[in-house]
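Trainee: I'd like to go through this one with you, a bit at a time. Please show me the structure, and then I'll start asking.

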Amino acid sequence: MSKLILTRHGYSLWNAANKFTGWVDVPLSERGRAEAMIAACKIDDEQIKVDVCFTSLLIRAIETAIICLTECEGVRNGKIPIIQHDIDDPDWHGWNKYEGNPAEELPIFPTSALDERYYGELQGLNKADTIAKFGAAQVKEWRRSYYTRPPGGESLEDTVKRVFIFYESRIFPYIEHGNNILIAAHGNSLRSLIMKLDNLTPEEVPSVELITGIPVVYNLDEKGNVLSKKILT
Ligand SMILES: O=C(O)[C@@H](CO)OP(=O)(O)O
């Protein structure tokens, strides 16, 4: 059995400013760092030992992963978290790649496949101002519909495609081997994964909302079937 922990990054500076963020590389706020520390304690309380971690390329997710894996020694099982930079580029033979002792290390794989949904022309706009300009129904459609793309951006359907491909090819092998996996990512890239794991339809997925810094733990069998799910509120 494998535990898959999905954690939306902690509260960012643009969550605080109520701005569409998408691919803008906004860091965590103080509150976000505190949320990530609390997430680490909650994972530790469940006595989960993480074997491998995946994050997006965006700093708010990477910060969250690092805090989760450094705050409590138990979560990282005494291992040293090490970022592996080459996951999106199999030809990358970095001279700066750290070569240590794999038995003592906990790999963290950052990948663009787990980045937030690209919000196109909405990125940087205040959400309340955007509702005032375009109306609540239009903005809800851009934010939560499965098929509709915000202007110049990705639909959730687009995000689901890249997330699923990555899940099948890079995450699933760890599930087959019974590893515990931490994924620190974003509201919409994680909604994509939850759609798959909870077997949700495009009509059901708009109601899924993830809270910053709250881990969702799935118990999976070696075929990836969901045995149980627990939200660590
Ligand atoms: O702005 C964003 O990138 C996302 C997540 O914060 O917003 P929304 O919840 O509207 O999809």
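Trainee: Which residues of helix 5 do Thr 130, Ile 131 and Phe 134 in helix 4 meet?
Mentor: Helices here are DSSP runs of H or I with at least four residues, strands are E runs of at least two, and both are numbered from the N terminus. Two residues are in contact if their C-beta atoms, placed from the backbone, lie within 7 Å. By that test, the partners in helix 5 are Ala 136, Gln 138 and Val 139.

Trainee: What classes of residue make up the contact of helix 4 with helix 5?
Mentor: Ala, Val, Leu, Ile, Met, Phe, Trp, Tyr, Cys and Pro count as nonpolar, Asp, Glu, Lys and Arg as charged, and the others, Gly among them, as polar. Sorted that way, the contact of helix 4 with helix 5 has four nonpolar, two polar and no charged residues.

Trainee: Before we go on, what kind of model is this?
Mentor: Residues count from 1 along each chain as its sequence is written. Local features need pLDDT of at least 70 and side-chain atom pairs count only at pLDDT 80 or more, while totals for chains, interfaces and linings use all residues, since the model is predicted.

Trainee: How are helix 4 and helix 5 set relative to each other?
Mentor: Axes are lines fitted to C-alpha atoms, for helices over the stretch in contact, and angles run from 0 to 180 degrees between N-to-C directions. The angle between helix 4 and helix 5 is about 125°, and their axes are 7 Å apart. Under 35 degrees counts as roughly parallel, over 145 as roughly antiparallel, 65 to 115 as roughly perpendicular and the rest as oblique. So helix 4 and helix 5 are oblique.

Trainee: Which residues does the UniProt "active site" annotation cover?
Mentor: UniProt positions use the numbering used here, feature names are shortened, and annotations may be inferred rather than shown by experiment. This annotation comes from an unreviewed entry and covers His 9 and Glu 116. They are spread over 108 residues of sequence, yet they cluster in space, with a largest C-alpha distance of 10.5 Å.

Trainee: Is His 9 buried or exposed?
Mentor: His 9 sits in the loop between strand 1 (2-8) and helix 1 (13-16). A residue is buried if 20 or more other C-beta atoms, placed from the backbone, lie within 10 Å of its own, exposed if 12 or fewer, and partly exposed in between. His 9 has 34 C-beta neighbours inside 10 Å, so it counts as buried.

Trainee: And Glu 116, is that buried or exposed?
Mentor: Glu 116 is in the loop between strand 4 (105-110) and helix 4 (127-134). Its contacts beyond four places in sequence include Trp 23 and His 186. With 26 other C-beta atoms within 10 Å, Glu 116 is buried.

Trainee: How exposed is Asn 77?
Mentor: Asn 77 lies in the loop between helix 3 (59-71) and strand 3 (80-83). Asn 77 has a positive phi of about 55° although it is not a glycine. Because 13 C-beta neighbours lie inside 10 Å, Asn 77 is partly exposed.

Trainee: What is the radius of gyration of the chain?
Mentor: The chain has seven helices and seven strands. The radius of gyration is taken over C-alpha atoms, and the globule rule is 2.2 Å times the number of residues to the power 0.38. For 233 residues that rule gives 17 Å, so the chain is as compact as a globular protein of that length, its own radius of gyration being 17 Å.
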